[in-house]
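Please examine the sequence and the structure shown below. The paragraphs that follow lead through them step by step.

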Amino acid sequence: MFNTIEWKDDRVVMIDQRLLPNEEKYKVCEDFLDVAEAIREMVIRGAPAIGVAAAFGVAIGAKDINEGERDGFVCELDKVCKTLSETRPTAKNLFWAIERMKNLVKNNPSAQPEELKTILKKEALTIYREDIEINRAIGRHGMPVIKEGANVLTHCNAGALATAGYGTAVGVIRAAFEAGRRLHVFVDETRPFLQGARLTAWECVKLGIPATLITDNMAGYFMKKGMVDVVVVGADRIASNGDAANKIGTYSLAVLAKEHNIPFYVAAPFSTIDMDIKDGDGIPIEERDRKEVTHIKEIPLAPAGIMVKNPAFDVTPHRLIAGIITEKGIVRDDFLEGFKRLI
Ligand code: MRU
């Protein structure tokens, strides 16, 4: 198949998602600055994949620090972490992974730089492997929401490309498909960056999952016709009350799903849940370059003088969510209590 990201010969290698589905090219990141740029420029994207990339970024940054003393090393490592944490603001997994790497240093107070470099690399590889296991568990727990013969609608890309492997929302669909369930997926194209058309559609074709690409504004049409049985999407950050930030357009889908009595599920690992944020209003929303809206590649679609807004995410209020599928089970209704119980 393909590797979203891997650690190879002390470098970080990732498939360049900006080029898919037309070219399968891998970008080799030689140092942490390359990793930071790859996250910022969307070579790699999707909350869990961003988290893994950040962990690898910290490890490769640590490897290159030339400081014999622990204090000097920690000071340089903080700079690496700061650079990586300033790449994209919404995905909780980015900050979660960096924090986990930093805590490792704190929890080994007598370790000197060479030992710290080894344990940081080991931890990054653990985060990578765990992510794949977590996604498979999300798939197992989520499978029952996909009934025999179901038409599933998904938005953006929450597949193997958005994670270390297997996927979250697509992982749920995939688990049901691999278990022999008959199903069909509506893939929202996901303007403006087209993660659905370029990435989810590509994954579905590769996996042999029956899928139909639609533009975002067609979802209501198919829902009204009774052709959508369930919606499953990923998340970039979930507040402690269950409000979930995901790719722009997710909120509109949830409202449409409510109108048509279609269950709307979010699939995400616990590393996406931000227990420090009370509700969705506290989730920072990334505003991206206007060119993503006005152009497709280098071709202009709109007049140069037009004003443009490009928020990359929106927040779906928890009351519109039938359940949040995590690696530890599905949380419903009282999300705060449910999260506390499973954490
Ligand atoms: O801007 P992106 O492509 O990083 O946004 C990705 C999404 O919104 C995904 O749905 C989300 O990260 C879940 S990925 C398992």
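This is a predicted model: local features need pLDDT of at least 70, side-chain atom pairs count only at pLDDT 80 or more; totals for chains, interfaces and linings use all residues.

Apart from its neighbours within four places in sequence, Thr 168 is in contact with Pro 48, Asn 135, Ile 138, Ala 158, Thr 163, Gly 234, Ala 267 and Pro 269. Thr 168 belongs to the loop between β4 (150-154) and α6 (169-178). Because its relative accessibility is 5%, Thr 168 counts as buried; the cut-off for that word is a relative accessible area under 20%.

Gly 242 is located in the loop between β8 (237-239) and β9 (244-247). Its relative accessibility is 0%, and Gly 242 therefore counts as buried. With neighbours within four places in sequence set aside, the residues in contact with Gly 242 are Thr 316, His 318, Ile 321, Ile 324, Phe 335 and Phe 339. Gly 242 and Pro 317 stand 75 residues apart along the chain, and their C-alpha atoms are separated by 7.4 Å.

The chain as a whole can now be considered. It is divided into domain 1 (5-136) and domain 2 (141-342). Taken over C-alpha atoms, the centres of domain 1 and domain 2 are 25 Å apart. Contact between them involves 28 residues of domain 1 and 33 residues of domain 2.

Phe 56 touches Ile 5, Glu 6, Trp 7, Val 12, Ala 124, Leu 125 and Tyr 128, when residues up to four places away in sequence are not counted.

Attention now turns to the ligand. Around the ligand there are 19 residues, of which Arg 45, Arg 88, Asp 236, Asn 246 and Lys 247 come nearest. A polar side-chain atom of Lys 247 is 2.7 Å from an oxygen atom of the ligand. For Gln 195, the distance from a polar side-chain atom to a ligand oxygen atom is 2.8 Å. In the side chain of Asp 236, an N or O atom lies 2.8 Å from an oxygen atom of the ligand. On its own the ligand has 420 Å² of accessible area, and the protein covers 99% of it.

Some details of the backbone remain. Most residues other than glycine have a negative phi, and most peptide bonds are trans. Met 42 is buried, with a relative accessible area of 2%. Leu 194, in the loop between β5 and α7, likewise has a positive phi, near 65 degrees. Leu 194 counts as buried because its relative accessibility is 16%.

Pro 192 also lies in the loop between β5 (183-188) and α7 (195-207). The peptide bond that joins Arg 191 and Pro 192 is cis, with omega about 5 degrees. Another cis peptide bond leads from Leu 20 to Pro 21, with omega near 5 degrees; Pro 21 is found in the loop between β2 and β3 (26-29).

How values were computed: Residues are numbered from 1 along each chain as its sequence is written. Side-chain values use heavy atoms; hydrogens and water are left out. Contact means heavy atoms within 4.5 Å. A residue is near a molecule or strand if one of its heavy atoms lies within 4 Å of it. A polar contact is a pair of N or O atoms within 3.5 Å; within protein, one must be able to donate a hydrogen and the other to accept it, and residues adjacent in sequence count only if both atoms are side-chain atoms. Accessible areas come from the Shrake-Rupley method with a 1.4 Å probe; for residues, only the protein chains shown count as cover. Domain bounds come from an automatic or database domain assignment. Helices (H or I, at least four residues) and strands (E, at least two) are DSSP runs, numbered from the N terminus. Buried means under 20% relative accessible area, exposed over 50%, partly exposed in between (1.4 Å probe, protein chains only).
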